[in-house]
Amino acid sequence: MADRNFLSGRLVLLGTIGLILFLLPHSIALKEGDCEVCVKTVNTFVDTLSDEAKKDTKRIEDEFRAFCKKAKNKEQRFCYYLGGVEDSATGILGELSKPISWSMPAEKVCEKLKKKDAQICDLRYDKQIDVNAVDLKKLKVRDLKKILSDWDEECDGCLEKTDFIKRIEELKHKYVKTEL
């Protein structure tokens, strides 16, 4: 009887391990909207490569470094994570160049990169705020500051939320097109 319980316990353990191994690849796969910066940047970069360059991993890495010199904002941060800029702490460009040389789709490339460094998929583009469609009083001060920053404007002496709203209302006519 003891042997039977031992055997059934082993079967349950084996079944559980099998289920985990079966489901693991599905949990690593990208979901809709995951790695948006990675996917867009990889697609943009691959579109700049010639057919000949796409076959040579060393050339892909060199081209990526050149691509990163012109990158800004989130794309620049992506380059930093991969080692495409000079001040990068790490370098995993091989994880980008090899899959590209195999013509792997950007989503799959980003899946592989996510396994190496999860930060890569944490990058997200900032949402644009439609000043006409939103009630400024319901926004956070951080969002109000972002609106002004996007317009390259400042709010000197602004301390309260109402000060930021007042400044946005003053500048709105310069930056927001209203439809008749």
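In the structure, a disulfide (a pair of cysteine sulfur atoms within 2.5 Å) joins C38 to C110, with an S to S distance of 2.0 Å. The torsion about the S-S bond of this pair, C38 and C110, is about -95°, so the disulfide is left-handed. C38 lies in helix α2 and C110 in helix α6 (residues 106-116), so the pair ties together parts that are 72 residues apart in sequence. Helices (H or I, at least four residues) and strands (E, at least two) are DSSP runs, numbered from the N terminus. Both C38 and C110 are buried, where buried means under 20% relative accessible area, exposed means over 50%, and partly exposed lies in between (1.4 Å probe, protein chains only).

The model is predicted: local features need pLDDT of at least 70, side-chain atom pairs count only at pLDDT 80 or more, and totals for chains, interfaces and linings use all residues. Residues are numbered from 1 along each chain as its sequence is written, and side-chain values use heavy atoms, with hydrogens and water left out.

The structure contains four disulfides in total. Another of them is formed by C35 and C121, whose sulfur atoms are 1.5 Å apart. For C35 and C121 the torsion about the S-S bond is about 70°, and the disulfide is therefore right-handed. C35 is located in the loop between α1 (2-28) and α2 (36-48), while C121 is located in helix α7 (residues 119-122), so the pair ties together parts that are 86 residues apart in sequence. C35 counts as buried because its relative accessibility is 0%. C121, with a relative accessible area of 5%, is buried.

A disulfide is also found between C68 and C79, with an S to S distance of 2.1 Å. The torsion about the S-S bond of C68 and C79 is about -85°, so this disulfide is left-handed. The pair links distant parts of the chain, with C68 in helix α3 (residues 57-70) and C79 in helix α4 (residues 73-82), eleven residues apart. C68 has a relative accessibility of 1% and therefore counts as buried. The relative accessible area of C79 is 0%, so C79 is buried.

When bonded cysteines are counted along the chain, the disulfides of the protein chain follow the pattern 1-6, 2-5, 3-4, 7-8.
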